[in-house]
Amino acid sequence: MENLLAGLEMLARWDVLVALIIGSIGGVIIGAIPGVGPAVAIAILLPATFGLDPIVGLTMLLGIYGSSMYGGAIPAVLINTPGTAVNALTSYDGYPMTQKGEAHRAVSLAYSASFWGGIFGILCLILLSPVLALIAPMFGSREIFLAATLGIILVILAHRGQIFAAGFLAMFGIFLQTVGLDAVTYTQRYTFEFSFLSSGINLIVVVLGLFALSQAFFLLTGPDSSPDAKPVSGRMSAGLKELLGHKRVATVAAGFGVILGMIPGTGEFTAQFMSYTYAQKTSKHPERFGKGSPEGLIASEAANNAVPAAAMIPLLALGIPGEALTAMMLSVFYVHNVIPGPQLFQNNIDLVYGLYFALIALNIIVMIFLLFSTNLLTKIIRVPTRFLGVMILLLSFVGVYSLRNSLTDCMISAGFGVLGLILKRLNLPIVPIILGMVLGGIMEVKLRSALPRLKTPLDMIDRPISFILFAIILIVLALHVRTLIKEWRAHQPAEDHDMHDSQLR
Amino acid sequence: MSRVKTLQALFKRYRRPGDIVFAWLMLAVSVFLLLQIADQTTWRNGGKLFAQPRFWPAVALTGMTLFAALHLLGSALSERIEGRWQEVWLWIGSLEYAGWFIVYALAVPYSGYLPATVFFAVALGLRAGYRRVWTLLAAAFAAVVIVVLFKSLLKVNLPSGLIYDILPDGIRQFMLVYF
């Protein structure tokens with residue numbers, strides 16, 4: 001109770017509240033503009049938050065993370081273009097509803113489902129906290145090493161159909177974090193005698209290049225377009241009433257979001273898919289899915305909004321980020337000398353509760369904001385894409401240069417920007433590089449610190465949690481091999497030249 | 001294709017033109033880096049394998065080479081998609097904007113954050129094909145907002161321009177601190 005109050009007290013500061021409002025509303029606007037997305041915004045703002053208090057910087061970034069998907073639903077429903085990648089399934093039913101003249105109903109349902117999912121995710125996080133506080137200290141070096149290894153494996157396997165490319169990119173990320181002076185032996189690794197490489201390749205420089213600059217290059221090299229979203233009329237609160245008629249779907253979908261959000265490497269996309277499938281299978285009208293089913297819309301929005309809170313679980317409890325956005329937030333923790341992991345629950349539990357309350361507050365702020373400003377957002381969506389590209393390029397400079405006023409950083413970041421553009425054009429994933437860098441670093445440090453206690457390799461798994469993690473790794477790999485064999489036996493026609501459904505519409 | 005997705009369909013691969021060029025690049029980079037491992041890393045005699053400074057670069061580069069080779073194989077065995085070199089040309093074309101970014105970063109310490117940002121916003125707007133005065137004014141206005149937000153309000157660590165030294169005393173200090 002004392003800690004809960006301390007957490008609330010942390011939030012009751014004017015600077016934290018301002019950060020929360022800016023983050024939440026900014027996140028909705030950023031999410032609503034196709035072509036920006038939370039990763040770009042967080043990457044740009046990251047260095048700017050280093051000068052702020054940890055709770056101020058984190059609430060601002062959390063605000064963007066947690067609210068962008070609310071905004072992303074607007075273009076997904078109105079113009080069939082998801083504002084963020086994770087709103088892709090929202091457009092499957094949202095846009096057909098707009099075509100039927102039910103745009104208002106679709107948008108208000110999307111908001112309500114998002115709110116339901118968001119709050120459900122946070123409640124799970126709060127309820128799980130005592131359990132986490134109990135389990136987290138059982139994670140020593142070898143357990144964290146195995147959990148990070150599991151994270152890398154899941155990140156690769158989650159990119160089905162692109163596993164080789166994802167594997168390459170994850171390994172590339174692991175390689176990048178080894179460049180520079182080895183912290184233990186003080187020997188150079190892949191510096192090619194360049195002094196600027198001795199300090200290693202900075203994660204934020206890479207993140208800004210891969211997410212922000214690449215997006216600027218992507219927009220500037222592509223054709224200019226200006227999405228046209230029609231205004232919506234009617235009371236936005238109407239969706240809440242309709243949502244109550246689909247409580248089961250919304251809750252199960254949010255449950256999928258929580259479970260998959262906790263597992264590194266899976267995240268919103270898989271959660272959305274699984275909840276959508278569940279909703280369709282249990283619906284009285286499965287034939288309406290994809291043609292404007294409110295249940296489909298609810299399933300996808302409730303699932304993706306439950307993920308941010310759940311994704312904080314491995315980050316806070318073990319210091320292991322599950323996807324790119326939490327990996328970026330990890331660097332904010334490090335900059336402020338707050339090390340997420342088992343000790344956080346013992347030493348900084350007030351900060352943890354402060355973040356929980358911030359998540360609740362941001363969902364409420366966003367919901368209130370959206371009830372009155374949807375039509376304003378439909379105007380913002382119309383910003384021409386190349387104009388956006390110019391702005392992202394200028395903003396990226398703030399992020400990269402403010403880090404340590406280094407022109408070399410700008411050059412490295414520009415190089416990663418071009419790499420990011422190529423990956424985006426080829427439809428290959430960027431996230432494995434970032435997670436490879438972060439998890440690779442964790443794996444190296446934790447394996448080294450576990451070594452003195454290991455006499456034989458089997459000692460690695462002689463504790464219950466490390467054994468369970470090892471067993472999970474084996475099961476995940478075995479299941480993947482099983483699926484491959486099943487697919488091979490089913491003789492499915494090769495479809496790798498098809499355009500993905502989402503690209504055709 | 002049905003709108004109802006199976007897990008397999010949702011995650012299926014959908015290649016784009018230029019995939020094989022990137023696959024070759026991936027393999028070439030991986031092999032080059034792997035060949036450098038003896039020169040670029042150290043092996044400590046008597047140390048444990050997992051604690052060697054060479055261990056993690058070796059794991060990463062072996063993995064990169066293996067995955068790059070498999071990706072290339074998959075790409076080579078797939079049907080050719082038209083437009084490969086057009087795509088590669090677009091990648092090369094993006095270097096122009098990387099150049100704009102670096103020149104902008106070079107200019108800020110000399111010409112000051114505000115003048116450089118306004119200039120590059122308008123110049124990039126023109127380069128992006130905008131000719132309407134209102135659009136270019138909007139770009140300049142957005143540039144001013146960016147500067148005020150980050151430099152004046154958030155006090156982000158950005159250098160003051162050398163050009164401000166030629167300004168009269170009172171304004172110089174103001175510009176150095178806020179713009």
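**Figure 1. Overall view of chain A in the predicted model, in which the chain has 21 helices and two strands.** The radius of gyration of chain A is 22 Å, close to the 23 Å that the globule rule gives for 505 residues, so the chain is as compact as a globular protein of that length. Along its principal axes, the C-alpha trace of chain A spans about 65 × 60 × 50 Å. Of the 505 residues of chain A, 60% count as buried, and among the contacts of this chain with a separation of 6 or more, 80% are accounted for by residues 24 or more positions apart.

**Figure 2. Confidence along chain A, which averages a pLDDT of 83, with 95% of the residues scoring at least 70.** Confidence in chain A is highest in helix α8 (residues 163-178), at 94, and lowest in helix α21 (residues 501-504), where the mean is 38. The pLDDT is below 50 over residues 496-505 of chain A, a stretch that has 16 contacts in the model beyond near neighbours in sequence.

**Figure 3. The two domains of chain A, assigned as domain 1 (2-453) and domain 2 (458-490).** Taken over C-alpha atoms, the centres of domain 1 and domain 2 of chain A are separated by 27 Å. Their contact takes 12 residues from domain 1 of chain A and 11 residues from domain 2 of chain A. On the side of domain 1 of chain A that touches domain 2 of chain A, the residues divide into eight nonpolar, one polar and three charged.

Figure 4. Most residues other than glycine have a negative phi.

**Figure 5. The interface between the chains, where 70 residues of chain B are in contact with 67 residues of chain A.** On the side of chain B that touches chain A, at least two residues each are supplied by α1 (7-10), α2 (19-35), α4 (55-77), α5 (84-111), α6 and α7 of chain B. The most is given by α5(B), with 13 residues. By class, this side of chain B has 43 nonpolar, 15 polar and 12 charged residues. The domain assignment of chain B gives domain 1 (7-77) and domain 2 (94-178), and the C-alpha centres of these two domains of chain B lie 40 Å apart.

**Figure 6. Helix α7 (residues 133-153) of chain B and its packing partners in both chains.** This helix has 21 residues and reaches 28 Å from its first C-alpha to its last, close to the 30 Å expected at 1.5 Å a residue. In α7(B), the buried residues are B:A139, B:A142, B:A143, B:I146, B:V147, B:F150 and B:K151. The buried residues of α7(B) pack against α3 (37-49) and α17 (385-404) of chain A, together with α6 (113-127) and α8 (169-178) of chain B. Just after α7(B), B:K155 takes a positive phi of about 55°.

Technical notes:
Residues numbered from 1 in each chain as written. Chains lettered and ligands numbered in written order. Predicted model: local features only at pLDDT ≥ 70, side-chain atom pairs only at ≥ 80, totals over all residues. Helix = DSSP H or I, 4+ residues; strand = E, 2+ residues; numbered from the N terminus. Expected span 1.5 Å × (residues − 1). Buried ≥ 20, exposed ≤ 12 C-beta atoms within 10 Å, placed from the backbone. Contact = placed C-beta atoms within 7 Å. Nonpolar A, V, L, I, M, F, W, Y, C, P; charged D, E, K, R; others polar. Domains from an automatic or database assignment. pLDDT = per-residue confidence, 0-100. Rg over C-alpha atoms; globule rule 2.2 N^0.38 Å.
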